[in-house]
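Subject: Handing over the two-chain model

Dear colleague,

I am passing on the structure below, and after it you will find notes on what turned up when I went through it. Please read them with the structure open beside you.

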Amino acid sequence: MNIQFTLNGKLRTAEVEANTKLADLLRELGCASVKIGCNEGACGSCAVNVDGRLINSCLTYAGQVNGRTVETVEAIGSLDHPHPIQDALVEEGAIQCGYCMPGVILAAKALFDKNPSPTEEELAVALDGQLCRCTGYQKIESALRKLASEARS
Amino acid sequence: MKKFNVVAKSVRKIDSLSLATGKPMFVADLKPADSLYVKALWSPHAHARIVSIDVSEAEKMPGVHCILHHGNVPRVVHTTAGQGFPEPSPYDSFLFDNKVRFVGDRVAAVAADTPEQAAAAVKAIKVVYEELPAVFTIDDALKPGAPVIHDEPEAHVPIPVPYEPQRNLAARVAMDVGDVEAELKAADTMLDREFYTDYAHHCPIEPHIVTAHLDVDGRVIVTTSTQVPFHVRRIVAQVLQIPVRRIRVVKPRIGGGFGGKQEVLLEPVVAMFALRTGRAVHWKYTREEEFVSSRTRHPEKMRIRAGVKKDGSISALALDCCTNSGAYGAHALTVVCNSGSKILPLYRSKTIHFVGESAYTNLPVGGAYRGYGATQSTFGIDCMMDELAEMLGMDPLEFRRMNTIRSGETSPVFRALGEGKAGVEQSIGSCEMEKCMKLGAREIGWKKRGRWQDKKGRFRRGIGMASLMQGSSIPEIDMGAATMKMNDDGSFNLLVGATDIGTGSDTILAQIAAETVGCDVDKLIVYSSDTDTTPFDVGAYASSTTYLSGMAVKNVAEKVAKQIAGVGAAMMECKPKEIDLRDNCAFGPDGKSVTFSGNRAALALWVGPVPNWRDFLAYHAQVAAAFLRTFLRSGGGHVDRQGARPALCRSGGLRHGSEPEAGRGPDRGRRVERNQLCVDGAVSLQFTRADAQSILRALQDHVHAGQAGAEDHSGPQLRKRVARTAQRAFPKFASTARSPASPTPSTMPWAFVCAALRSCRMPFGKRFKNARADNKRADAADDIE
Ligand code: FES
Ligand code: FES
């Protein structure tokens with residue numbers, strides 16, 4: 001089937017099978033930031049924002065995003081102009097192997113876009129589905145906490 | 001202490017922004033577009049001989065390019081363990097064999113245009129098996145008359161170490177100092193305990209993944225998620241029987257390894273496909289394959305006996321342990337050896353006895369996993385220390401402090417236990433264990449600990465401690481190397497064999513180099529782990545990169561610094577030793593300076609009468625000295641708002657462990673995939689995700705019951721509930737805790753609770769909320785202290 005959707009601000013069309021996963025399609029379209037850690041919805045490393053909501057793209061069929069807006073990490077910051085979330089994580093030393101990071105960043109962004117100064121609890125809930133094997137989460141949390149408190153002050 | 005400008009300072013991890021912006025840096029991102037995909041046929045039997053294998057139909061299926069199985073590949077016995085050569089692990093593996101030894105063993109592999117086509121072809125392969133009797137437990141495997149798992153004539157050890165495959169013994173190591181039996185008899189108090197630690201899986205978020213293609217000269221380029229690129233090159237050459245020079249191994253960014261990628265498993269298969277088809281070939285494990293057919297932490301069974309004198313000194317310490325190696329002996333000897341060598345020296349004892357064995361069984365295979373054997377025995381020995389202190393009526397902190405090794409001391413264990421050979425005499429150069437304990441005790445409020453028997457009320461809080469030791473680098477075996485050169489703009493290329501797998505070693509090595517030549521860290525361009533261009537390094541294991549490869553980098557940078565000083569001296573007409581390198585400049589004795597770059601008079605571009613100095617190039621190889629770290633995890637057992645958190649970092653992950661179900665029904669030997677969490681070397685929890693919340697709640701109640709644990713003095717209701725949950729969640733542990741033969745009033749439940757907490761990798765939000773709510777409840781109760 002033929003689908004049309006907005007990927008990182010550009011209108012894209014793609015010919016997909018009914019069972020093509022969104023994660024595979026996005027990777028095919030050059031979004032290397034979409035990582036596949038488990039392919040079964042457990043780890044969150046494939047998370048992308050669809051119409052501002054975080055979803056696991058390994059559990060989403062490509063057909064489901066027809067007519068919608070998809071955002072991956074490629075769109076939200078660059079080496080020269082990183083997004084404040086990216087900057088905060090780098091500064092805090094929260095990135096070890098980095099495989100989980102695109103998912104973590106998008107999860108945080110989905111939250112911060114709606115609520116620039118989330119409470120600790122809201123942060124925790126937003127990051128619920130993002131597994132990170134390296135960091136132990138502490139630095140991810142403290143980076144985002146700092147960002148939230150900066151927004152408050 | 002020396003004042004540092006770059007090291008000992010916080011710098012941005014050099015690859016972190018690229019990672020955060022999602023650049024293509026991992027194996028999956030780098031595979032050529034027209035790659036073939038690999039799928040494997042895994043053994044459905046725990047132990048069977050392959051009578052026949054028919055791939056004729058599968059070969060004809062659409063998209064299929066090549067099928068590999070034991071009938072069409074060279075039969076080369078080797079080990080998959082990525083260790084220094086000659087490896088201390090038995091040679092007992094083949095690319096494909098005519099026998100399968102566990103459910104999930106490799107039978108055949110297909111390369112096809114798409115993963116779906118490969119999977120369909122795998123289904124069409126017809127195999128006739130002759131099932132053989134299988135063994136699943138250590139005890140059964142070592143019984144006389146047990147089925148022999150490695151009956152092939154080729155199985156052998158490349159170095160002279162005990163190995164008896166005909167009785168399923170994959171490894172054995174032993175040592176004795178003094179007469180332990182006599183001292184145990186003479187001791188004022190004697191304790192004899194058994195412990196068992198379970199399977200655990202590394203769970204890197206990036207599974208095993210490899211891509212290979214041929215370059216224009218027909219060389220195989222293997223891009224792989226590995227901790228050991230140079231061992232990969234050697235083992236691929238060995239298994240495929242091609243010269244090392246025909247192979248190039250490239251390590252891009254790695255999504256975590258934790259020991260699981262210190263194994264050369266997929267690479268030879270993928271390289272073989274590339275050679276046979278001439279195409280790029282790609283293989284990524286699914287998460288399920290990752291659990292079943294990669295490697296695990298060895299389960300270990302141990303019996304520990306200890307004798308102490310009334311004054312609190314340990315007079316005898318005996319550790320008899322055996323690991324379950326699974327179907328192959330990867331890392332069998334070294335892991336069990338570390339179970340003794342990395343923990344026994346921590347405590348001073350007049351007499352020491354150690355026997356470590358490893359048994360083949362028809363279960364998934366053990367391998368390297370953070371801690372590497374030390375984790376397992378630390379669990380047992382540390383529980384013993386608490387119990388011994390309890391029996392003597394001593395404070396466990398004081399008991400440990402009294403018996404722990406100190407600076408300047410040595411242990412006979414160092415000399416006795418090496419890795420596959422005698423060890424190396426070592427003494428403790430510096431050890432701040434005592435200070436560490438003091439600080440830890442102060443920070444955690446050890447004094448408030450009190451006696452568990454005196455605590456009252458529904459909610460209680462406990463404090464515990466554990467001390468442990470690790471070694472780093474293998475003396476006289478491990479090595480690292482570095483090459484460094486200066487560029488015209490005053491930047492430096494640093495080429496290291498060291499393997500950054502997310503650990504940050506590229507950044508650390510850049511800091512060391514920058515510090516040594518006196519420049520900023522961003523002047524360093526680090527390239528690591530490419531067997532064609534970087535010098536040899538053993539790889540990322542044994543927590544050794546900073547020490548070992550770091551020393552190589554320091555030495556190479558010193559050589560470059562010397563050359564820079566020479567040129568600087570020629571430019572400023574002074575002596576090289578008067579030159580001071582810092583801030584990207586060479587300073588002369590009279591305050592004059594030249595910059596490394598930036599203007600025409602800069603040092604990097606200076607053309608002067610100094611012969612051979614314009615290369616600014618050096619190479620250095622480093623052979624490891626012995627490094628020993630001792631440290632204390634004082635926070636590990638503190639149950640408080642934060643208490644459970646530090647310990648979580650090691651055990652986090654997807655379903656972290658999965659346990660083979662032994663000897664029941666037709667599925668025996670199959671690894672059961674459940675939502676099961678497993679502590680690093682301690683206890684495993686089995687529950688469904690739906691149950692998770694309620695169990696966590698009950699566990700937290702249990703936690704707040706503090707050290708009282710299963711022998712809680714409070715309401716019978718709570719006791720029952722906790723016991724029930726404990727039994728369901730921790731079948732083994734709960735029975736230990738209740739067993740009348742093990743009268744362990746406080747420490748066992750305590751260790752259990754610590755272990756439980758460590759294993760509770762609950763989803764973020766829930767964990768938070770529960771912890772918060774329970775802390776509030778605990779605060780409300782007046783008996784926290
Ligand atoms: S890959 Fe999609 S959740 Fe793990
Ligand atoms: S940084 Fe490695 S998994 Fe998160």
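How much area do domain 3 of chain B and domain 4 of chain B bury between them, and what share of it is on carbon and sulfur atoms? Please keep in mind that this is a predicted model. The two domains bury about 1,500 Å² between them, with 49% of that area on carbon and sulfur atoms.

To place these two domains, the domain assignment divides chain B into domain 1 (36-133), domain 2 (167-200 + 296-417), domain 3 (202-293), domain 4 (480-612) and domain 5 (691-781). The centres of domain 3 of chain B and domain 4 of chain B, taken over C-alpha atoms, are 32 Å apart, and the contact brings together 19 residues of domain 3 and 20 residues of domain 4. On the side of domain 3, the residues that lose the most area to domain 4 are Gln227(B), Phe230(B) and Lys251(B), which together account for 40% of what that side buries.

The rule finds 5 salt bridges across this interface, along with 10 residue pairs in polar contact, both residues being at pLDDT 80 or more. On the domain 3 side, the elements that give two or more residues are helix 7 (229-240) and strand 11 (247-250) of chain B, and by class the residues of that side divide into 8 nonpolar, 6 polar and 5 charged. Arg253(B) and Asp500(B) meet through their side chains in a salt bridge, at 3.7 Å from N to O, and both residues also belong to a network of salt bridges that links them with Lys13(B), Asp15(B) and Asp506(B).

The contact between the two chains comes next. It takes 42 residues from chain A and 49 residues from chain B, and the area buried between the chains is about 3,800 Å², of which carbon and sulfur atoms give 58%. Across this interface the rule finds 11 residue pairs in polar contact, again with both residues at pLDDT 80 or more, and it also finds 4 salt bridges. In one salt bridge between the chains, Lys35(A) pairs with Asp29(B), with the closest N and O atoms 3.1 Å apart. The side of chain A that touches chain B draws two or more residues from each of helix 2 (73-76), helix 3 (84-92), helix 5 (120-126) and helix 6 (138-152) of chain A, and by class this side has 19 nonpolar, 12 polar and 11 charged residues.

Over all chains, the structure holds 48 salt bridges. One that crosses between chains joins Arg12(B) and Asp87(A), whose closest N and O atoms are 2.9 Å apart; Arg12(B) sits in the segment before helix 1 (16-20) of chain B, while Asp87(A) is in helix 3 of chain A. Arg12(B) is partly exposed, at a relative accessible area of 34%, and Asp87(A) is partly exposed as well, at 28%.

Two further salt bridges lie within chain B. Glu425(B) pairs with Arg415(B), the closest N and O atoms being 3.7 Å apart; because Glu425(B) lies in the loop between helix 13 (412-416) and helix 14 (433-444) and Arg415(B) lies in helix 13, the pair ties together parts that are 10 residues apart in sequence. Glu425(B) counts as exposed, at 53% relative accessibility, whereas Arg415(B), at 46%, counts as partly exposed. The side chains of Lys554(B) and Glu558(B) meet at 3.2 Å, N to O, and these two residues both lie in helix 16 (residues 545-572) of chain B, 4 residues apart, or about one turn of the helix. Lys554(B) counts as partly exposed at 35% relative accessibility, as does Glu558(B) at 36%.

Finally, is Asn362(B) buried or exposed? Asn362(B), which is found in the loop between strand 16 (351-360) and strand 17 (366-367) of chain B, is buried, because its relative accessible area is 0% and the cut-off for buried is under 20%. The side chain of Asn362(B) reaches the backbone oxygen of Arg101(B) at 2.9 Å and the backbone oxygen of Ala46(B) at 3.2 Å. Leaving aside residues up to four places away in sequence, the residues that Asn362(B) touches include His47(B), Phe102(B), Pro133(B), Phe136(B) and Ile149(B).

With best wishes

Key: Residues numbered from 1 in each chain as written. Chains lettered and ligands numbered in written order. Predicted model: local features only at pLDDT ≥ 70, side-chain atom pairs only at ≥ 80, totals over all residues. Heavy atoms only, no water. Buried < 20%, exposed > 50% of the residue type's maximum accessible area, 1.4 Å probe, protein only. Polar contact = N/O pair within 3.5 Å; in protein donor to acceptor, adjacent residues only side chain to side chain. Contact = heavy atoms within 4.5 Å. Buried area = accessible area lost by both parts, 1.4 Å probe. Nonpolar A, V, L, I, M, F, W, Y, C, P; charged D, E, K, R; others polar. Domains from an automatic or database assignment.
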